[in-house]
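User: I would like to learn how to read a structure feature by feature. Please take me through one.

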Amino acid sequence: MSRRPAAGLRAGWSAPVLVIGAGACGLVAALAARAAGQEVVVLERDRAPTGSTALASGFIPAAATRWQRAIGIDDDSPARFAADIVAKAKHRGDPAAAACLAAAIGPTLEWLADAHAIPFEVLEGFIYPGHSRLRMHAVPERTGAALLARLLAAAEAAGVAVLTSAQAESLFADADGAVRGVRVTRPDGSAEEIGCGALILACNGYGGDKALVRTHIPEMAEALYFGHAGNQGDALRWGAALGAEARDLGAYQGHGGVAHPHGVLITWALLMQGGVQVNRDGHRFWNEHEGYSEAAVAVLGQPDGIAFDIYDARLHALGQTFEDYRQAEAVGAIRRAEDVAALAALCGLPGATLAATLAEVQALAERQGTDQFGRNFAAPPLAPPFYAVRVTGALFHTQGGLVVDADARVLRPDGTALPNLLAGGGAARGVSGPAVWGYLSGNGLLAAMAYGRLAGQAAARLAAGG
Ligand SMILES: Cc1cc2nc3c(=O)[nH]c(=O)nc-3n(C[C@H](O)[C@H](O)[C@H](O)COP(=O)(O)OP(=O)(O)OC[C@H]3O[C@@H](n4cnc5c(N)ncnc54)[C@H](O)[C@@H]3O)c2cc1C
């Protein structure tokens with residue numbers, strides 16, 4: 001995985017726009033470049049594309065969309081959305097990038113609906129931490145797998161060539177950083193070299209590379225990695241070899257609600273709507289409403305690195321509207337008990353402590369009070385029967401990456417753009433600031449799909465000589 005001199009390139013053929021990675025970013029980029037009239041080839045290392053996109057819940061935040069207006073949300077705007085992104089990152093991210101993505105994502109979803117018949121709807125019922133409006137969009141199936149399947153079908157219909165089992169191994173570049181081609185290896189050990197007019201890095205981040213995680217995110221070095229194994233930091237290494245700038249490498253999306261040991265995501269909606277987390281000793285330990293990303297650190301900091309989400313039948317019914325929660329139920333991760341004492345016994349928690357903790361939660365909910373962690377209890381009190389699921393914290397995906405401009409062009413430290421290199425999604429620097437607490441839910445697919453479209457449009461222009 002390296003950079004080679006362009007003079008060594010022995011390409012049998014060439015693609016005007018070459019994309020590495022067939023996740024949300026790569027496929028949206030490919031569709032955008034096709035819409036601009038360019039031939040596009042996507043290289044995907046896996047036999048069948050999945051990426052982190054297919055593992056995701058598939059919720060995409062977007063502001064001022066027609067789907068929001070259809071349900072009466074007519075006071076959202078890209079500026080309001082960008083302000084939420086910047087605030088969640090404690091003003092430590094790049095406000096220009098936040099504004100760029102917040103403005104681009106709504107039109108991107110509407111274009112996918114209009115040009116490629118990919119329908120979206122707004123998730124109703126609760127607001128994710130840090131969002132000031134209901135703005136999470138999803139395809140009707142409400143899974144990342146369905147989103148990816150729809151993008152793949154659209155790409156095929158649009159004439160995008162997706163080469164699978166094709167791992168980009170190294171880039172050929174001129175001395176000025178212009179990328180002339182890519183060396184691709186196949187599972188049988190064979191290799192070929194493909195030329196390109198412009199190259200889009202859509203191969204996500206470095207969550208799957210233990211050494212890079214240990215270097216940049218030491219707090220998650222031993223944590224469960226819940227993203228796609230193919231996210232090996234290739235964009236970061238190639239970018240470095242070409243003189244690109246990378247930033248915020250300590251940023252990531254964590255999650256403090258992965259059913260353990262079942263390994264299924266438990267929706268944070270349970271905790272936003274009245275549920276609580278307790279540790280192995282039966283104590284609450286933080287404000288669950290700060291966000292599910294930083295929850296990874298909070299939960300891993302508890303004894304044995306585990307916690308229990310505790311909630312009731314009302315919230316269990318809400319959970320059942322999510323595909324991954326239904327999976328968790330199917331594999332036996334969800335426990336149910338008639339009262340607190342039975343719940344404590346079922347979960348192996350100290351009964352008296354759990355009873356005291358839930359009594360306090362009950363009192364807070366009844367007076368809609370605020371606890372010592374700063375959490376405001378506005379939802380109805382929990383009522384028996386009770387439900388619990390044992391969870392741990394995990395690393396979902398990295399948020400640091402190559403610095404890009406508003407066209408998703410990769411920049412050098414002096415702010416100049418590399419001649420024909422673009423990046424989006426997990427390959428690019430996100431808008432979550434430098435650490436785990438800056439992740440506003442949806443920042444992942446936001447950067448994948450919005451930068452994807454911008455990168456595809458810009459790559460088409462570059463390939464055409466513009
Ligand atoms: C469990 C889970 C739930 C999530 N839920 C959400 C959510 O609801 N909303 C949200 O916004 N975000 C969510 N995320 C984050 C989201 O999945 C990612 O931010 C997003 O999918 C990134 O898209 P991408 O296209 O950049 O990367 P990916 O979808 O990972 O695609 C990258 C592709 O590149 C391929 N690749 C890598 N290296 C090479 C190479 N050298 N050659 C060829 N191919 C290569 C990989 O195989 C992969 O297919 C979630 C993540 C996880 C793990």
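**Reading the model**

Analyst: Arginine 429 is buried, as its relative accessible area is 10%. The label follows cut-offs: buried is under 20% relative accessible area, exposed is over 50%, and partly exposed is in between (1.4 Å probe, protein chains only). This is a predicted model, where local features need pLDDT of at least 70, side-chain atom pairs count only at pLDDT 80 or more, and totals for chains, interfaces and linings use all residues. Residues are numbered from 1 along each chain as its sequence is written, and side-chain values use heavy atoms, with hydrogens and water left out.

User: Where is arginine 429 found?

Analyst: Start from the secondary structure. Helices (H or I, at least four residues) and strands (E, at least two) are DSSP runs, numbered from the N terminus. Arginine 429 is in the loop between β21 (417-423) and α15 (443-463).

User: With which side chain does arginine 429 make a polar contact?

Analyst: A polar contact is a pair of N or O atoms within 3.5 Å; within protein, one must be able to donate a hydrogen and the other to accept it, and residues adjacent in sequence count only if both atoms are side-chain atoms. Here the partner is the side chain of aspartate 248, at 2.8 Å.

User: Which residues are in contact with arginine 429, leaving aside neighbours within four places in sequence?

Analyst: Contact means heavy atoms within 4.5 Å. With those neighbours set aside, the list for arginine 429 includes Gly93, Asp94, Arg247, Asp248, Gln399 and Tyr451.

User: How is histidine 316 placed, buried or exposed?

Analyst: Histidine 316 counts as buried because its relative accessibility is 9%. The residue lies in helix α11 (residues 313-319). Beyond its neighbours within four places in sequence, histidine 316 is in contact with Tyr311, Tyr325, Glu329, Ile334 and Tyr387. Proline 5 is 311 residues from histidine 316 in sequence, and 58 Å from it in space, C-alpha to C-alpha.

User: Which peptide bonds are cis?

Analyst: Read omega. The bond from histidine 260 to proline 261 is cis, with omega near 10°. Proline 261 is placed in the loop between β13 (252-259) and β14 (264-265). Another cis bond joins proline 384 and proline 385, with omega about 0°. Proline 385 is in the loop between α14 (351-366) and β18 (386-398).

User: What is phi of asparagine 204, and what is phi of aspartate 304?

Analyst: Asparagine 204 has phi near 60°, a positive value in a residue other than glycine. Aspartate 304 is not a glycine either, and its phi is positive, about 65°. Asparagine 204 lies in the loop between β10 (191-201) and α7 (210-216). Asparagine 204 counts as buried because its relative accessibility is 15%. Aspartate 304 lies in the loop between α10 (292-300) and β16 (306-312). At 61% relative accessibility, aspartate 304 counts as exposed.

User: Now the whole chain. What radius of gyration does the protein chain have?

Analyst: The radius of gyration is taken over C-alpha atoms; the globule rule is 2.2 Å times the number of residues to the power 0.38. With 466 residues, a compact globule would have a value near 23 Å, and the protein chain agrees at 23 Å. The C-alpha trace spans about 75 × 45 × 40 Å along its principal axes. The protein chain has 15 helices and 21 strands. Of its 466 residues, 58% count as buried.

User: What share of contacts joins residues 24 or more positions apart?

Analyst: Such pairs account for 74% of the contacts in the protein chain with a separation of 6 or more.
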